[in-house]
Each structure stands twice: as C-alpha cells, then as structure tokens.
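Colleague: Please take a close look at the ligand site and at the sheet beside the helix there. What surrounds the ligand?

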Amino acid sequence: MSPIIEIPHLEEIQLDRSRPLQQQLYRQLHQLILQGRLQPGFRLPSSRRLAKELGVSRNTITLVLDQLKQEGFLSSRMGSGCYVNRQLPQDCLGLEASVWDSSVRPPVLSRYAQGLEEHGMRAEDAQGAADLPFTVGLPDLTRFPASTWSRILKRHSDRTCLMGFDDPMGHQPLREALSHYLAASRGVRCQPQQVLITQGAQQALALCALVLLNPGEQVLVENPCYAGAREALLARGAQLEPLPMGPQGVDTTALPSHTQARLMYCTPTHQYPLGGILSAGQRLQLLDWAASKGLWIIEDDYDSEFHFHAKPIAALQGMAPHTPVIYMGSFSKTLLPASRLGYLVVPEALAATFAKAKRYLGGDIPMLLQAAAADFIAEGHFVRHLRRMRQCYQHKWDHLQALLEPLAGRVETLAESAGMHLVLQIDGVDDQALCQAFLRNGFGSTPLSSYYLQGTSPRHGLVLGFAHSNGAGREAVVRLLHRLLATEFAP
Ligand SMILES: Cc1ncc(COP(=O)(O)O)c(C=O)c1O
C-alpha cells in the first residue's frame, strides 16, 4: 500500500481563516503536488482525517479533492482512498519550473503600480473597512429609513428594464432627480445631460484624475486635504502643491501670481476636515483666479447638507454661468456609504469624454439601486431624511462639544459647524499612536496629521466622526481621551 500523506506536509498547509478556505486549500495541495512533494502514487488521508487535522469542514475537503480529481491531479480507487496520479497534466508540469521557483523574478509592474507602492497608504486604508463608533465619514446607520428604502427597492426589483446594461452616464431618472435637487438646494447650474453617476465620490475623483491630468503635472490641493482625493491624484502621478490656507480654508488673498498647475481640488463650502467656509466674496475670488490661470477646479461638495449654523452655502459651480468647475458629490453621508453612489456634474462639452473614461474604467452601479435613489429623491424622502439627520447630528455635536469642555487647554475643538465630525487639535501628541489606542478600545478616529501633505508641518490631534455614536458612546470616548491624555499621552 502506498504511504499516506505525512503529517509534516499537512503542517505546511497554512490557512488564513479570514479568507475563503476552499481556494487556499486547493492552491496549496496543488502546489505540493506540482513541486513533487506529494509524489505520484501517494495516498491522501481520508477526507474525515484531513478535515480534522486542518480544522475545516468535510464538505470543503470533498470539494477541493473533487476539483483536483477533475483536473487530473488525483484519482480515487474504490474503497482505498484518494491518490496522487502517476501521470500529471503535462502543461502544468511545464509551467511549474518557472511559476513556483522563488528565484525567478516576477515581471515588472507598470509605473502606475510602482507609484502606488511608493506613496504608502492613507490612514483609513491601514485601518481596513470599519464601522466602529466615531469612524470618520460614517453616518448614523441606525437612523436610515430602511423600510421606505426597501419598499422602493421592492417596487423596482422585477422591472426587466433595470436588468440589462446601463448608460455609462448613469440611470436617466436619477440624473434628472439629482439635477433638480442640486439646482434647488446647492445652486448648481446643471441639466441632466451634465450629470454622471459614479461609484461613490472616489470613482469621481479617479475619473477626474484620468481625464484632466497627465502624470507629472502639478495639482493644487488644500492642506490639510481629503486623503481620498490626495491618494487618487498621487496614484495618477500628480505633483501636489499646497494652496495657501487661512482660517476659512483656501486663503484667497495669498493665491500665487504664477502657477504651472492645471487643476485644483478644494472643498470651498466646507473645508475638509477643518470645516471652514469661504464667504461668497472669497469663492468668487477663487473662481476668478482659477479662470485667469486656466485651471480646472474640482469642487468636492461632500456634506454641505449638514451645516448647522449658517444657511446652506451655494456651490462654487453655480456662481457664474460658465465656470471651469467639475462638481462632485456623494450619497455616502446623505444615504449610506454602502450605496456606493456618487456623482459628477461636468460641463456639457466634457460629458461624453467622462462617460467613455467611466466605461473603460469599469465599475458600473446596479440600476436597481439607482432607480431606488431616484424615487427616494423625487418622492421627497431624501429631503425629509436630511432634515431629520441635520437635527440629529446637531444634537450629537452639541453634546460632544459640551463633554469636551473640561479638556479645554489641552484639547482645542476645531471644525466649527462641521456636520459629521469634530476635529480635536492636541498639540505635541503622537496622533497615530493615539488613534491606535482608540482602536484598541473599540473606537474609530483618524489622526489629524494624516490629512497633511508630506513635507509640510501638520497639526496633531484626532478627527472624530460622531455621527455614528450614541450618548453613552460619546461619554465613553471622552472618558477614554481624558484617561489617555493623563497617562500614556501625558505631555
Ligand atoms: C471630503 C470627502 N469627499 C468625498 C467623500 C465620499 O467618498 P465616497 O463617496 O467615495 O464614499 C468623503 C467621504 O468620507 C469625504 O469626506
């Protein structure tokens, strides 16, 4: 009888239990066979024993063995188990020599990929997907009108016209509903044919970088800046230049008289993350300056729905009839991050180019979701939801501010009237380490320094997204901050 698989071989099989097991096990057994370490004629242990030794279900083992049998690596003999075939598929043996030899260098990556490796990660990426309380950018998921949303989804779920391919510009009813909403509530000058539905604002940013920028060109950005924008621009090979900053955001009195940049990214109606608001005069100055320098402006209007103290501030895009503005927005905060719905409003002459870029980039948005969002807006649920959430966030904001008062002196709260997060400036603190300490205690946050461009002097502190928090959570987070600043992070 052939020897059965040795235990040491089984020990070499390492399974990462956070990922699907079947594919990992298949790959590793396949590799052991190709490397000749499970030799032709070897008998594998029974599926029961393999399942026990590897700590996976018998069903998974059976599926993996069946796949290897179908591919000609194993065969079973009635009543005596499963064997490595004496004749393996020749193609794979030929491949083995180069694929699995670690001395063979993999083919080089593109310059784009090399750039991605060089410029590191933004803090949110390092943290992975998170829905912890105080995670920045997360709305209050418990207050989403889920039953209305599912009723609308259900209404559309069997419509065959939503089951085929979408127009690359996006679903027409959503583009119409958005153009009415943006004109009425944000002063955006647009027709539906200018609206492009994107997979979140992140795809909108990636598209802007592709369509408006060549690698190596300069882009002016706020400093601090939204990391999603900074990284999308860097990934495209942009040279980022900080704009002069004042208390309200971009300092429009200090704009350079000369620039080589072709593009500017900014959040003029609510600076991200510090929360400043440029006055109408300052916004006009910015527009005039950009027009005189031949610059495109990407206006990220990411959360103007949640201003508390002032009336909504009209978007830069609509302040004059023909502005060089590409306007972008997102439903991540106003509906749900998981909707992955965002939008661009582009000058009509550019719409077809943006649509082509989106088609080639891929990443379409299910039409069912778009149809539901269109009805949600057109039937008034969206505006009602925003009104309720504005009140809810203002209450949370007031509460958190009041809880933080005793820490004044050590902790300065910034982001006046910012809708869903509060910026705590804490001079001299290692904010990356503070953020990690928050994470260990089950709270999200982002280090303030991570929003600044490399090579500039960052402020330190924490950005706390309070929208997805309850009263007890806010009390607990302030207690934790108090304790950490008195112990591990004492000055
Ligand atoms: C400044 C800014 N822009 C855009 C977005 C939205 O990004 P997305 O629609 O990709 O979730 C966010 C979300 O956190 C943001 O903070």
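Modeller: A residue counts as near a molecule if one of its heavy atoms lies within 4 Å of it. This is a predicted model, with local features needing pLDDT of at least 70 and side-chain atom pairs pLDDT 80 or more, while totals for chains, interfaces and linings use all residues. Residues are numbered from 1 along each chain as its sequence is written, and side-chain values use heavy atoms, without hydrogens and water.

Around the ligand stand Gly200, Ala201, Gln202, Tyr226, Tyr265, Tyr272, Asp300, Tyr302, Ser330, Ser332, Lys333 and Arg340. Helix H10 (residues 200-212) supplies the largest share of this shell, 3 residues; helices (H or I, at least four residues) and strands (E, at least two) are DSSP runs, numbered from the N terminus.

For polar pairs, the cut-off between N or O atoms is 3.5 Å; within protein, one must be able to donate a hydrogen and the other to accept it, and residues adjacent in sequence count only if both atoms are side-chain atoms. A side-chain N or O atom of Asp300 is 2.6 Å from a ligand nitrogen. Ligand oxygen atoms lie 2.6 Å from a polar side-chain atom of Ser330 and 3.0 Å from a backbone N or O atom of Gln202. The protein buries 91% of the 390 Å² that the ligand exposes when taken alone (Shrake-Rupley method, 1.4 Å probe; for residues, only the protein chains shown count as cover).

As for the sheet, 7 strands form an open, mixed one in the order S4-S12-S11-S10-S9-S5-S6, where pairing takes at least two DSSP bridges. Strands S4 (195-199) and S6 (239-242) are at the edges with a single partner strand each, so one side of each has no neighbour in the sheet.
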